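Notebook open, structure about to go up on the screen.

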Amino acid sequence: HLVPKQMDVHGLKKGSVKFPKKTLQVIVEAYTRESGVRELDKKIAKIMRKLARKVASDEPIPTSIKPEDLYEYLGAVEYSRDKYQGNDYAGVVTGLAWTAVGGEILFVESSLSKGKGSKLTLTGNLGDVMKESARTGISYIRSVGEKYKIPEDFFKKHDIHIHIPEGAVPKDGPSAGITMATAMISAITNTKVRADVAMTGEITLRGRVLPIGGLKEKLLAAKSAGVKTVLVPEKNMRDVEEISSEITRGLEIIPVSYMDEVLKTALIYEENENEN
């Protein structure tokens, strides 16, 4: 719809230049960051103006705009979206978030340091709600420490640091609760997280996983980033059923109600590694 409209506006013959699906996808991912199409329309218009200028100057114009041609018409890439690459270290988990410009993946990192055990450091431009989720997560972990073979005096001797990269981007909301809790348990127990898993969900003090919003956008972000398995709150499965199969196709969506289920699916325990 946008391409024919801008061709007409700029006096170009209909169909004289084609925009393959791949090219439009690159424009959306690398040159826009919005929930609508206003910015996309402006980028297409910019390309059309340069093509129209060439026509007016009797210069030849391409019959098709390829992804590699975009630098000439739009300049350097403006936005770089993360691609999921798996986790090589304990304490690193991939989460999903909803922002004003759509779904995004989050890399949640957790590390330990020797200290007095009373310090929980949170960095990465986090909002108050997300900070509360992190504190809820650590309280839950303290309550189940024996189950995960965490020494009784561990929290008296270690401080915990949670960091979510891209500090220039504000992040808030409770949906990263299970992600941060998983990152902390992964770091504390020195247990890696499965390399194909991303997750979203709010956590309670009892370890319940509560439903979240923006699931469609989050699943779309997961798919675009190359994630294969997504853990979502069980109560959000009704939302999954209403999402287009074009988005969910190729994704293994696993419903979870409690943190035990999250950890059982996400963490790679030593016995599992030996079996493999």
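This is a predicted model: local features need pLDDT of at least 70, side-chain atom pairs count only at pLDDT 80 or more; totals for chains, interfaces and linings use all residues.

I started with the pair α5 and α7. I looked up the axes of helix α5 (residues 128-143) and α7, which come within 8 Å and cross at roughly 45 degrees. α5 and α7 are therefore oblique to each other; angles under 35 degrees count as roughly parallel, over 145 as roughly antiparallel, 65 to 115 as roughly perpendicular and the rest as oblique. The axes are lines fitted to C-alpha atoms, for helices over the stretch in contact, with angles running from 0 to 180 degrees between N-to-C directions. I noted the crossing of α5 and α7 as right-handed (the near helix is turned clockwise from the far one by less than a right angle).

Who makes the contact (heavy atoms within 4.5 Å)? From α5 I listed M130, S133, A134, G137, I138 and I141, and from α7 G177, M180, A181, M184, I185 and I188.

Residues are numbered from 1 along each chain as its sequence is written, and side-chain values use heavy atoms, with hydrogens and water left out.

Next, the cores. A nonpolar core is a set of buried Ala, Val, Leu, Ile, Met, Phe, Trp, Tyr and Cys residues joined through side-chain atoms within 4.5 Å. Buried is under 20% relative accessible area, exposed over 50%, partly exposed in between (1.4 Å probe, protein chains only). The largest core has 40 residues, and I141, F155, I162, M199, L231, M259 and V262 have the most contacts inside it. Helix α7 (residues 177-189) gives the most to this core, with seven residues. Apart from it lies another core of 18 residues, including V3, I27, L40 and I47. I also checked F155: leaving aside neighbours within four places in sequence, F155 is in contact with K116, G117, S118, I138, I141, R142, I150, I160 and I188.

Then the whole chain. I count twelve helices and nine strands, as DSSP runs numbered from the N terminus (helices H or I, at least four residues; strands E, at least two). Buried residues make up 44% of the 276 residues. The C-alpha atoms fill a box of roughly 80 × 40 × 35 Å along the principal axes.

Last, the loops. Most residues other than glycine have a negative phi. K149 has a positive phi of about 55 degrees although it is not a glycine; K149 lies in the loop between α5 and α6 (154-157) and is exposed at 77% relative accessible area. N190 also has a positive phi of about 55 degrees without being a glycine. I found N190 in the loop between α7 and β5 (197-199), exposed at 63%.

K228 sits in the loop between α8 (215-225) and β8 (229-233) and is exposed at 52%. Beyond neighbours within four places in sequence, K228 is in contact with D196, G250, L251 and E252.

Definitions and conventions
Contact means heavy atoms within 4.5 Å.
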